[in-house]
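I opened the model to look up a few local features and write them down.

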Amino acid sequence: MNKKYRHAEICMNFAPYTSSETLPLSAKLLQGLVLKSTGSWYKVRVENQGIWDCRLKGKLKLSKTGVSNPVAVGDHAELEAEPGQKDKGLIVNIRERENYIIRKSVHKTGHAHILAANVDQLVVIASLKLPRTSLGFIDRLLVSAESYHIPAKVIFNKADLLSEDENQFALELAEMYSRIGYESFMTAVPTGQGIERLKDLLRGKISLLAGHSGVGKSSLVNAISPGMKLQTQEISSFANKGKHTTTYAEMHEWEPESFLIDTPGIKELGLMEMENDNLSLYFPEMRPFAARCKFYNCSHTHEPQCAVIQAVEDGLLPIPRYESYLSMMEDEDNRR
Ligand SMILES: Nc1nc2c(ncn2[C@@H]2O[C@H](COP(=O)(O)OP(=O)(O)OP(=O)(O)O)[C@@H](O)[C@H]2O)c(=O)[nH]1
Ligand SMILES: [Mg+2]
Ligand SMILES: [Zn+2]
């Protein structure tokens, strides 16, 4: 499924104004940036006016997509002031999105949610310990980003918890992702390791932080901008899992024109529908090999003269990534 189709699939329309709703000519629309969306109200940074609490005006019509939120963090909103109320507004329109990233529940089919819109980059936050992030999970996020043409980075946080061997392993993983083109390095909040480099990575951009609960997304935001004081919480010692402390995605301007979107921890990630044959397109390192397979529709799983399988065997493609590819292909097959 190509990008265009994807966007068409999840298009969003606002109901046109009926004549009674038509704005008087004098009413000028204000421009705002959606910082937070709870579904019932929206925190919007209104141009030259500060931060307002807003509601939606009129009915929003969603096409039959099952996307549960019509307005997402990062949306550019057009709004009017709520009559007689200070710092309150009504969102009347959302400007066309450059991109958006969707989170889909693996368990509840048809449940999808726009995580954020108009992002410059996805920053995957992973930790190898407390909690452990699997490579399969990282790769799923990367495939999502690829399919939306959003550049992605991979941060291994909690480096301070790793033994020497584990540290070596993490370094190798970071190298693997960096070679593919996803800048990757380690960070640790208590020691400050990697925080300056992370700031450089985030400066001047709108970045979406995503990862499991408890990996330290909010802690990293606090480390980058100590004034922020976002709520964080120790992971459960019983399950070694995060407690889902952050409950709504929220955008923070930590430096002028540098925005971070802290998101709630993701449990599991479902892939959006895509043609099985196309999955290798979202593994950038595979693409040059995939073009050389004997069969044009090679799935790179069992076919003879598959250049991808050959490259894995020859050590030209990283095995963990190929394993993620196989696991995603299997999921797709099962889903069907
Ligand atoms: N040792 C260590 N602990 C960390 C690090 N970063 C975060 N933590 C701790 O990990 C726990 C979870 O951190 P949070 O920042 O709440 O994690 P989160 O990713 O925002 O979690 P959710 O909001 O639930 O998605 C807290 O107790 C943090 O103090 C780190 O680099 N090293
Ligand atoms: Mg958090
Ligand atoms: Zn092949």
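My notes on strands, backbone, a pocket and the ligand follow.

**Ground rules.** I worked on a predicted model, in which local features need pLDDT of at least 70 and side-chain atom pairs count only at pLDDT 80 or more, while totals for chains, interfaces and linings use all residues. Residues are numbered from 1 along each chain as its sequence is written, chains are lettered from A and ligands numbered from 1 in the order written, and side-chain values use heavy atoms, with hydrogens and water left out.

**Strands.** I took helices (H or I, at least four residues) and strands (E, at least two) as DSSP runs numbered from the N terminus, and strands as paired if DSSP finds at least two bridges between them. I found β3 (residues 42-46) and β4 (residues 50-56) running antiparallel, joined by 5 bridges. Val44 has Trp52 of β4 as its bridge partner. The two strands form a hairpin with 3 residues between them, and Asn48 in that turn has a positive phi of about 60°. I then followed β4 to β7 (residues 88-94), which is parallel to β4 and joined to it by 4 bridges. Here Cys54 is partnered by Gly89 in β7.

**Backbone.** Most residues other than glycine have a negative phi, and most peptide bonds are trans. I noted Asp87, not a glycine, with a positive phi of about 55°; Asp87 sits in the loop between β6 (76-81) and β7. I also noted a cis peptide bond from Leu130 to Pro131, with omega near 0°. Pro131 is in the loop between β10 (121-127) and α2 (135-147).

**Second largest pocket.** I looked up its lining and counted 25 residues (those with an atom within 4 Å of a pocket grid point), of which Lys158, Gly214, Gly216, Ser219 and Gln233 lie nearest the centre. Helix α5 (residues 217-224) gives the largest share of this lining, 3 residues.

**Ligand 1.** Which residues come nearest to ligand 1? I listed Asp160, Val189, Ser213, Ser219 and Thr246, out of 23 residues around ligand 1 (a heavy atom within 4 Å). For polar contacts I used pairs of N or O atoms within 3.5 Å. A polar side-chain atom of Asn157 lies 3.1 Å from a nitrogen atom of the ligand. An oxygen atom of ligand 1 is 2.8 Å from a polar backbone atom of Val189, and an oxygen atom of ligand 1 is 2.8 Å from an N or O atom in the side chain of Lys217.

Terms used. On a 1 Å grid over the protein atoms alone, a cavity is a set of points where a 1.4 Å probe fits but cannot get out, and a pocket is an open set with protein on both sides within 12 Å along at least five of seven lines; lining residues have an atom within 4 Å of a point. A polar contact is a pair of N or O atoms within 3.5 Å; within protein, one must be able to donate a hydrogen and the other to accept it, and residues adjacent in sequence count only if both atoms are side-chain atoms.
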